[in-house]
2 protein chains.
Amino acid sequence: MSLKPRDTLRSAFSPLINALQAIAHWRGIEALLSWDQETVMPSGAIESRAEQSALVATYAHQQLASDRFRGLLGEWVALETGKPYPQDLNALESAFLREVYRDWQLATALPATFVETFTKAKARSQHAWIEARKKDAFSDFAPHLESIVALTTQRADYLSQGRGTYETLLDEYEPGMTLAMLNPVLDDLKSETLRLMAKIRRQPERPIFPLHEKEWDVQKQWEFSRMVLQDMGFSSEHGRLDASAHPFSTHIHPTDVRITTRVRSHDFLEGLSSTMHECGHALYEQGLDTTYFGTPLCAAGSFGLHESQSRFWENGIGKHRAFWEYYFPKLCALFPEVIRESDFESFLAAQNQVKPSLIRVQADELTYNLHIVIRYELETALFSGALSVKDLPGAWREKYQSYLGVSSPTDADGVMQDVHWSCGYFGYFPTYSLGNLYAAMLLDRIGQDLDLAAQLRKGQLLPIREWLRTHIHSVGRQLSTQTLIHQLTGSSLSSESFVHYLESRHLS
Amino acid sequence: MSLKPRDTLRSAFSPLINALQAIAHWRGIEALLSWDQETVMPSGAIESRAEQSALVATYAHQQLASDRFRGLLGEWVALETGKPYPQDLNALESAFLREVYRDWQLATALPATFVETFTKAKARSQHAWIEARKKDAFSDFAPHLESIVALTTQRADYLSQGRGTYETLLDEYEPGMTLAMLNPVLDDLKSETLRLMAKIRRQPERPIFPLHEKEWDVQKQWEFSRMVLQDMGFSSEHGRLDASAHPFSTHIHPTDVRITTRVRSHDFLEGLSSTMHECGHALYEQGLDTTYFGTPLCAAGSFGLHESQSRFWENGIGKHRAFWEYYFPKLCALFPEVIRESDFESFLAAQNQVKPSLIRVQADELTYNLHIVIRYELETALFSGALSVKDLPGAWREKYQSYLGVSSPTDADGVMQDVHWSCGYFGYFPTYSLGNLYAAMLLDRIGQDLDLAAQLRKGQLLPIREWLRTHIHSVGRQLSTQTLIHQLTGSSLSSESFVHYLESRHLS
């Protein structure tokens with residue numbers, strides 16, 4: 001089965017597509033301003049850059065919200081309902097109009113005065129979060145967070161179309177995802193994770209290579225990262241790899257996708273994992289079908305699906321035994337003073353070590369999902385009114401103690417560890433776990449077409465990228481993520497594949 | 001005397017200034033897109049970048065040419081004549097309105113259809129120039145150049161306000177400059193240059209250090225360049241230095257001024273000279289008065305004045321004996337295997353070697369001006385109708401033989417060596433020589449306030465930057481270049497200072 005669209009868009013859409021392409025270019029310019037700021041911009045330019053970014057963001061938004069655009073879209077769909085006028089749309093055209101309408105609606109549902117109020121509150125709140133975190137003073141941050149929760153609720157009201165607040169927020173990041181679908185999956189994931197953790201604790205301890213006690217030459221780490229990046233099929237003609245304080249990926253255009261990583265001498269794995277993670281994101285963007293540039297048909301399906309691509313490569317491939325059967329000898333040759341061929345098993349064990357911890361972004365792939373579950377439970381409680389902001393730190397500690405058996409001595413490394421809430425990103429966290437679940441389902445599915453272990457043992461990563469490009473990347477938003485996953489795997493979203501994957505990787 | 005403005009702009013100008021600031025930010029974004037393209041952009045992104053740049057350039061232009069801007073400006077000046085309405089303008093306000101009106105007029109004088117025609121013709125012509133240059137086939141380029149000359153003439157007609165074609169073109173780059181002022185100065189410069197060349201030929205030959213026969217470690221060259229850059233007072237908080245195929249400077253904002261240089265192992269001097277040249281441009285931009293950001297009061301006076309700043313540093317300072325009395329020991333310490341303290345005189349002689357050559361950008365500071373004079377004479381002949389495009393190569397050869405005594409075997413390294421004409425940059429070349437003349441006048445003038453040689457011997461470059469900042473950079477377009485030069489030096493533009501400078505540097 002190939003999902004490559006055989007349908008085409010009728011030429012009468014051209015005026016609408018041209019407008020969308022211009023908006024997409026403006027978004028690309030916005031992305032470049034941001035990339036430049038995070039990587040090479042002189043520090044003293046921060047104020048002028050803020051002005052420039054605001055001008056571009058505002059202008060791009062104005063284009064989509066303009067009367068002109070309304071007129072172009074209104075020729076094809078009823079603006080009140082989104083129902084298309086033509087009776088003879090092919091599947092591609094239907095998807096095109098459905099998704100353009102969705103974007104337009106999101107862009108125009110909020111009154112301009114509300115957007116301005118919320119934007120300013122977010123800026124103040126993020127600043128307060130930074131300061132409160134430095135001083136470990138949650139009470140300084142709390143009034144701001146209360147305001148963000150209230151404004152986020154109001155925002156969801158504008159967008160809800162009859163749905164509940166949290167479901168509305170979730171849908172922005174993961175279109176089509178409902179609480180009815182998500183709740184049982186996360187419940188299941190939580191209990192299975194706790195079960196696996198208990199099992200792993202009872203396993204005999206394996207020798208663990210002391211990754212962090214070694215000095216890994218930074219230049220050689222870059223060399224290794226670049227080699228893997230090239231093997232994965234990252235196009236350097238259409239992208240770059242640079243250094244930054246926090247790894248990220250930026251898409252300026254499918255022909256200009258830039259990623260960054262962080263390489264530190266005492267941690268080999270962090271640099272490579274970040275590179276593979278961001279490269280997974282980048283391959284998605286480089287693999288979009290540029291025939292439809294500017295339209296939702298040349299855009300990623302959802303945040304969860306994007307994350308599935310990064311986690312697929314970072315963990316699914318990058319910590320696979322067969323992957324290291326090929327790369328480990330190269331690693332030993334590059335770092336002969338640090339690691340030897342006989343360290344293979346302990347090196348692999350170090351990569352796949354499971355250990356409950358305080359900080360989400362440093363968590364292993366198993367306990368990671370408990371961090372997500374905790375945030376999800378707290379977010380839903382906040383928005384249902386069952387929990388108030390002032391009670392957050394206590395609830396946080398309780399859940400960390402209960403699920404992970406750890407407790408942070410500070411709120412800075414507890415409830416204030418992530419930036420998300422200060423910016424109003426509620427409903428975002430679940431997509432991290434969804435990414436893990438989709439990735440495992442795709443790993444199972446790709447195994448029907450490719451002998452993955454055999455490919456990895458030969459260092460042949462390109463067929464894997466090709467498979468993902470054909471079946472995921474080039475599809476864009478033609479299908480919803482849930483439809484795509486179902487079409488590909490024959491199953492609806494569940495934690496089954498992921499749990500099997502965890503068992504086979506972490507239980508001997 | 002300080003030219004720091006003590007006047008201020010009345011607050012009633014705010015709506016106009018806000019509009020100008022937004023336009024300046026858009027121009028900054030345009031500059032960033034260009035910088036990125038020349039330094040770090042993945043090669044495969046060239047098409048999307050062209051789209052992005054065109055969108056920003058068009059939008060920035062539309063802002064200035066908009067009815068809204070017309071309305072804002074029309075509150076203060078008569079749009080037909082530029083005459084300001086208020087009777088009580090201070091000097092700063094007069095300059096502000098005069099220069100804003102000038103920019104608005106230039107931006108709105110050309111019909112949109114003409115701009116489009118010209119833009120497309122330039123793109124075709126530049127492409128044809130690249131191809132014809134590869135094949136050394138001037139006849140392939142000639143029809144495009146004919147079209148560019150015709151369109152440039154038409155363009156000047158729109159802008160002329162009664163002036164001649166060439167004077168109109170010249171005025172765009174060097175506001176206020178007339179042929180009546182320029183002709184005698186360039187005539188004088190030409191005859192003095194020929195006289196000095198003859199004198200230098202008769203001088204006994206000095207030992208010349210074989211700069212090009214040595215291998216200069218590229219990393220150490222960067223180190224040296226960065227040291228000098230810092231000593232010159234380039235702010236790394238508000239700028240960057242990078243590598244590129246051709247050195248250039250980009251101003252994104254006075255707080256974000258980026259320069260590039262080219263460092264090659266067989267040529268130490270090219271790298272350092274380029275760095276100092278571009279840094280001279282950058283110091284001008286970093287030294288603008290940001291109080292007036294967005295307005296012409298925070299913008300460079302003219303192309304010639306800009307070039308004076310780069311040439312001041314590149315040649316006036318960078319090839320000064322006292323400069324090297326400080327830096328030469330450092331150079332020897334950095335490259336002990338290449339150069340020794342005893343090579344001082346021959347190294348200085350190598351820097352100040354005069355030798356007629358074919359290629360303008362490689363010429364020494366003396367013969368350089370003959371390259372400019374040749375282009376100037378050919379340009380004026382083209383636009384007066386005295387010379388046709390098809391006769392250009394012959395006229396070129398004749399003048400090179402006559403003035404410089406050299407002859408290019410190809411048109412690629414002859415009449416087609418510069419990109420300027422293919423893009424319609426007629427009237428631009430004279431500003432290169434004007435830069436040399438202004439720089440020499442400023443060198444004379446600064447000597448009244450600072451003991452330049454004594455400063456240089458101690459490596460104290462900062463007081464020089466401060467002098468330039470106070471007397472040139474911070475003035476912006478408050479004064480025309482000719483007024484500023486006259487106010488500072490008490491003299492009108494002439495080649496006298498430059499000729500004295502050349503004599504003292506090149507005749508022993």
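Helix 2 (residues 46–64) of chain A packs against helix 1 of chain B at an angle of about 95°, and their axes lie 10 Å apart. Axes here are lines fitted to C-alpha atoms, for helices over the stretch in contact, and angles run from 0 to 180 degrees between N-to-C directions. Helix 2 of chain A is therefore roughly perpendicular to helix 1 of chain B, a label given to angles of 65 to 115 degrees, with under 35 roughly parallel, over 145 roughly antiparallel and the rest oblique. Helices (H or I, at least four residues) and strands (E, at least two) are DSSP runs, numbered from the N terminus.

This is a predicted model, in which local features need pLDDT of at least 70 and side-chain atom pairs count only at pLDDT 80 or more, while totals for chains, interfaces and linings use all residues. Residues are numbered from 1 along each chain as its sequence is written, and chains are lettered from A and ligands numbered from 1 in the order in which they are written.

In this pairing, Ser48(A), Glu51(A), Gln52(A), Leu55(A) and Val56(A) of helix 2 of chain A meet Ala22(B), His25(B), Trp26(B), Gly28(B) and Ile29(B) of helix 1 of chain B. Contact means that the C-beta atoms of two residues, placed from the backbone, lie within 7 Å. By class, this contact has five nonpolar, four polar and one charged residues.

Chain B is superposed on chain A by a rotation of 180° with 0.0 Å of shift along its axis (RMSD 0.0 Å). The two copies are thus related as by a two-fold rotation axis. Because 100% of the interface residues of chain B are also interface residues in chain A, the copies meet through the same surface.

Within chain A, helix 16 (residues 430–446) and helix 20 (residues 496–506) have axes that come within 7 Å and cross at roughly 75°. That makes helix 16 of chain A roughly perpendicular to helix 20 of chain A. Among the residues of helix 16 of chain A that meet helix 20 of chain A are Asn436(A), Leu437(A) and Asp444(A). The contact has six nonpolar, two polar and one charged residues.

Methods: Copies are superposed by least squares on the C-alpha atoms of residues with pLDDT of at least 70 in both. Ala, Val, Leu, Ile, Met, Phe, Trp, Tyr, Cys and Pro count as nonpolar, Asp, Glu, Lys and Arg as charged, and the others, Gly among them, as polar.
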